[in-house]
Amino acid sequence: MSAGLAARWDRFWDAPEVEPARLGLTRLLFFGALALDTGQQLVHAGRYGAGRFNVSHLPPSLDALLPAPTAPGILLLTLTASMLCLRLALGARATIALPALAACLSATVLWSQLDSYQHHYLMVLVTLALSGAALLTTEARRSGEIAPWGFKLLRVQLAIVYAWAAVAKLDERWTSGVTLNAQLQVEWARALINSLGETLGVAPLSVVAAGAVAVLLIEALFAVAWLTPRLWPLLWPLGVAFHLSVEALDLKIGQFSLLMITLYTLVMPAPLARGLGRLVPPVEGAAGPWAWRLGAAILVAAVAFGLPFSRDLSLIGLWALLTLLITAPSPSAAARAALSAALVVGLSRSGELARDYYRFIGGDARVRGELPAAVAAYEEVVRLDPGYFSGRVRLCQLLTAVDRAQDALPHCEEALRLNPGQPDAVAAEAAARAALR
Amino acid sequence: MRARDLFIAAFLLSQLALPLRWYALREADDPFDERFAWRMFSPERMVRCSASAQLNGAPLDLGREFHSAWLTLVERGRMDVVKAVARRVCLTNPGGALRMRLTCREIDGVERTMIEPTDDLCAEAP
């Protein structure tokens with residue numbers, strides 16, 4: 001590297017951040033959103049390891065050396081990643097927490113092609129980039145912060161993503177509108193396209209084609225703008241609006257839009273970032289009585305017992321160990337650790353996430369003829385949601401099929417109490433009674 | 001060069017090289033695998049494939065052997081997965097003959113046969 005180029009390289013990466021409030025706010029919002037996205041993935045953990053079949057993202061020669069992932073293993077990594085995200089959002093020292101998070105996410109994403117979501121791959125890259133910035137700078141290791149160059153690296157990374165996304169659209173099948181047209185399914189968008197087409201006197205596909213070309217140009221503009229601070233006042237509103245519109249169009253990309261919008265905090269107008277930055281919890285200090293750390297670990301382990309899954313001591317042990325390693329010895333850090341664990345427990349108990357984790361395991365095992373495994377999974381479904389009609393019926397059918405009709409009957413009876421006369425439940429009960437004769 | 005600089009350089013090089021691989025080095029018989037290439041909403045993503053298999057001359061229901069999530073990847077023409085599925089069937093049925101047909105329809109209506117049922121995939125397996 002020539003001396004001039006090396007000096008410019010150093011100047012770019014070493015220059016102080018123009019508006020440091022953006023970095024703290026990005027940390028809070030991004031890791032908060034990532035905790036939600038990661039936590040919601042637990043429902044997909046059940047698909048891993050079915051039939052001990054797997055294809056990883058590694059080259060085939062290395063793939064053969066990897067053991068197949070298991071559903072409980074991926075569940076452990078997913079829940080741990082979610083907990084670590086919350087810890088980082090709430091100010092945990094990054095030195096250990098961030099590389100641990102990057103390891104969890106890398107393992108869940110790269111271990112199997114079942115996770116081929118581009119935004120999950122992007123999140124792996126983001127956490128790896130920030131891990132480098134937490135580990136490779138003496139000052140960052142001392143303070144527990146993420147060195148500012150890590151966030152600069154993210155800006156460059158995002159510019160690269162937009163540049164490649166634009167390159168991918170230099171394709172007649174995109175610019176003609178055919179590809180976008182096939183992906184636009186929401187009613188309001190179709191109505192808007194038809195109405196615009198009528199007003200302009202052109203075919204709806206021409207309207208979509210104009211939109212497709214606009215998307216290409218916008219992505220190319222974003223690629224340049226992420227690297228040009230002068231354009232950030234334009235980039236932030238445009239970028240947020242772009243990703244909100246992608247979300248509104250329901251293009252089946254999970255939480256990609258939300259995560260991207262939080263990353264746009266890196267180019268947020270400075271006064272807004274400074275104002276919102278006051279909400280950011282400070283990074284935890286390193287000094288204090290060690291007993292707080294132990295107390296936090298015990299508290300987190302106790303909270304982890306509230307997870308709705310079959311008791312998993314390895315997960316509880318891992319959470320306690322990580323808490324010992326990443327939590328500052330102070331009462332506020334202990335409280336943040338307990339809060340993070342409690343939020344993950346709350347998320348996993350919310351809605352139907354945990355129930356569906358077992359339901360998907362049971363459904364797959366049933367289809368592949370692994371009936372004892374299907375019974376075990378559906379017993380968990382019913383434990384978690386006793387009033388779930390379909391779960392009761394399925395468990396009744398499965399227990400009958402494995403010669404446990406006596407155990408099956410109460411589930412059929414409960415199903416019929418929930419939904420009297422429902423044909424599937426009636427048939428399942430009749431089959432169970434016939435098996436008892 | 002400091003560790004930080006090496007890290008940044010390796011990181012950025014990987015982000016330039018991995019997507020480039022799709023454009024410059026992708027295999028002709030595996031056109032729909034866009035992993036790591038940042039090809040969001042691409043035409044290839046919209047491909048729909050249908051697979052059928054016969055083991056020793058009898059129809060083989062892949063849905064009874066593999067999780068539906070894997071079959072979704074087969075239906076997207078992901079050849080790594082298709083080949084792994086074939087390898088697994090051959091491994092669990094020693095001496096068997098596996099024939100598959102995999103036909104993919106692209107967004108512009110072009111239909112492409114990725115695997116012809118003429119060859120015994122178990123005989124081809126290493």
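Me: How many residues of chain A are in contact with chain B, and how many of chain B with chain A?
Reply: In this predicted model, 38 residues of chain A are in contact with 35 residues of chain B.

Me: Which elements of chain A give two or more residues to that side?
Reply: They are helix H6 (118-135), helix H8 (148-168), helix H9 (172-175), helix H10 (178-183) and helix H19 (353-367) of chain A, and of these H8(A) gives the most, with 9 residues.

Me: And how do the residues on that side divide into nonpolar, polar and charged?
Reply: The side of chain A that touches chain B has 22 nonpolar, 11 polar and 5 charged residues.

Me: What ipTM and pTM does the predictor give the complex?
Reply: The complex comes with an ipTM of 0.93 and a pTM of 0.94, and for chain B the pLDDT averages 93, with 98% of the residues scoring at least 70.

Me: Switching to chain A by itself, how many helices and strands are there?
Reply: Chain A has 23 helices and 0 strands, and its C-alpha trace spans about 90 × 75 × 45 Å along the principal axes. Of its 437 residues, 48% are buried, and among contacts between residues at least 6 apart in sequence, 70% join residues at least 24 apart.

Me: Which residues touch the most other members of the largest nonpolar core?
Reply: That core has 133 residues, and the ones touching the most other members are Cys85(A), Leu88(A), Leu101(A) and Val300(A). Helix H4 (residues 71-89) of chain A gives the most to this core, with 13 residues.

Me: What does Leu101(A) touch, leaving out residues up to four places away in sequence?
Reply: With those left out, Leu101(A) touches Ala81(A), Leu84(A), Cys85(A), Leu88(A) and Thr127(A).

Me: Where is the second, separate core, as in which residues does it include?
Reply: That separate core has 21 residues, among them Ala86(B), Cys90(B), Met100(B) and Leu121(B).

Me: OK, over to H1 of chain B: how far does it reach from its first C-alpha to its last?
Reply: Helix H1 (residues 3-24) of chain B, with 22 residues, reaches 30 Å, which is close to the 32 Å expected at 1.5 Å a residue.

Me: Which residues in H1(B) are buried, and what covers them?
Reply: The buried residues of H1(B) are Arg4(B), Phe7(B), Ile8(B), Gln15(B), Pro19(B) and Trp22(B), and what covers them includes helix H1 (3-14), H6 and H8 of chain A.

Me: And the strands in chain B: do E3 and E4 pair in the parallel or antiparallel sense?
Reply: Strand E3 (residues 98-105) and strand E4 (residues 111-115) of chain B pair in the antiparallel sense over 4 bridges, and Arg105(B) has Glu111(B) in E4(B) as its bridge partner. Their hairpin has 5 residues between the strands, and there Gly109(B) takes a positive phi near 90°.

Me: Which phi does Trp38(B) have, and where does the residue sit?
Reply: Trp38(B), a residue other than glycine, has a positive phi near 55°, and its place is in the loop between H1 and strand E1 (48-55) of chain B. Most residues other than glycine have a negative phi.

Me: Is Trp38(B) buried or exposed, and why?
Reply: Trp38(B) is buried because 23 other C-beta atoms lie within 10 Å, where 20 or more are needed.

Me: What about Asn56(B), what is its phi and where is its place?
Reply: Asn56(B) is not a glycine and yet has a positive phi of about 50°, and its place is in the loop between E1 and strand E2 (58-60) of chain B. With 13 other C-beta atoms within 10 Å, Asn56(B) is partly exposed.

Note on methods:
Residues numbered from 1 in each chain as written. Chains lettered and ligands numbered in written order. Predicted model: local features only at pLDDT ≥ 70, side-chain atom pairs only at ≥ 80, totals over all residues. Contact = placed C-beta atoms within 7 Å. Nonpolar A, V, L, I, M, F, W, Y, C, P; charged D, E, K, R; others polar. pLDDT = per-residue confidence, 0-100. Core = buried A, V, L, I, M, F, W, Y, C linked by C-beta atoms within 7 Å. Buried ≥ 20, exposed ≤ 12 C-beta atoms within 10 Å, placed from the backbone. Expected span 1.5 Å × (residues − 1). Pairing = 2+ DSSP bridges.
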